2 protein chains.
Amino acid sequence: MNSNFTFASVDTDAPRTELHDLLKLTGAEISINNMAPDTEAPFFHHHKLNEECYIVLEGSGLVYTDGTETAIGRGSVFRMSSSVVRKIRAGSEGLKFLCIQCQENSLTQFTFGDGAIDENIQW
Amino acid sequence: MNSNFTFASVDTDAPRTELHDLLKLTGAEISINNMAPDTEAPFFHHHKLNEECYIVLEGSGLVYTDGTETAIGRGSVFRMSSSVVRKIRAGSEGLKFLCIQCQENSLTQFTFGDGAIDENIQW
């Protein structure tokens, strides 16, 4: 196997799928989450080094961040710094979301600043 | 505004939505992509520093990586190292996917290794 490319097939409707170990990620932990209606994360928490970005794909709910409550639903995207105390609640439709965890301030360049076009390739 | 928490609402069906600038991400660039049926990325490319992870949410297509073609569809998840020459093609159903770009080897700890539980909070 070429370790430069790792691949898997997952059930995107499973309660929680974590990609770091599955794909041997080296820059992020990524989870695909499906919370049942009217449930919540089991505890409040914050992080030591990592920022998190959430992308809500379906459903609705609430997110608690440092004493503030924000309504979330399909298309809500949000970032929280490592220190933020957080918890998520799913509403009556449940909640499908991705959570991307990366080390804060680790990105130095991206997209056109980091990419290089390859020419003369046949496919 | 508390810069520890950034929030936006996006159309997850738009052709391409980039979250780095929108949410002031510091550890990743994340894009939500909807390719029209039977289209492909405009060029082959690789990266200098960044690994990419893809999550296919709907549709089907093909991904080219260093001369190899892999069929992809709903639930396909894959990682490619920075050096991999790549291109994506959407099949007849189109292709909805996320692409997460992070600096290779930047993650030092995650989830239970990086998280800290906060107790005695009322919500």
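Colleague: Leaving aside its neighbours within four places in sequence, which residues is Ile55(B) in contact with?
Modeller: Keep in mind that this is a predicted model. From chain A, Ile55(B) is in contact with Leu19(A), Ile30(A), Ile32(A) and Leu98(A). From chain B, its contacts are Ser76(B), Val77(B), Lys96(B), Phe97(B), Leu98(B) and Ile100(B).

Colleague: And which residues touch the most other members of the largest nonpolar core?
Modeller: Ile30(A), Ile55(A), Ile30(B) and Ile55(B), out of 30 residues in that core. Strands S3, S5 and S8 of chain A and strands S3, S5 and S8 of chain B each give two or more residues to this core.

Colleague: Switching topic, how many disulfides are there?
Modeller: The search of the whole structure finds 0.

Colleague: Is Cys53(A) buried or exposed?
Modeller: Buried, at 2% relative accessibility.

Colleague: OK, how many salt bridges over all chains?
Modeller: There are 14. In one of them, Glu40(A) pairs with Lys87(A), with the closest N and O atoms 3.0 Å apart. Glu40(A) sits in the loop between S3 and S4 and Lys87(A) in strand S8, so the pair ties together parts 47 residues apart in sequence.

Colleague: What does Arg74(A) form a salt bridge with?
Modeller: Asp13(B), at 3.5 Å between the closest N and O atoms. Both residues lie in loops, one in chain A and one in chain B, so this pair joins two chains.

Notes. Residues are numbered from 1 along each chain as its sequence is written. Chains are lettered from A and ligands numbered from 1 in the order in which they are written. This is a predicted model: local features need pLDDT of at least 70, side-chain atom pairs count only at pLDDT 80 or more; totals for chains, interfaces and linings use all residues. Side-chain values use heavy atoms; hydrogens and water are left out. A nonpolar core is a set of buried Ala, Val, Leu, Ile, Met, Phe, Trp, Tyr and Cys residues joined through side-chain atoms within 4.5 Å. Buried means under 20% relative accessible area, exposed over 50%, partly exposed in between (1.4 Å probe, protein chains only). Helices (H or I, at least four residues) and strands (E, at least two) are DSSP runs, numbered from the N terminus. Contact means heavy atoms within 4.5 Å. A disulfide is a pair of cysteine sulfur atoms within 2.5 Å. A salt bridge is a side-chain nitrogen of Lys or Arg within 4 Å of a carboxyl oxygen of Asp or Glu.
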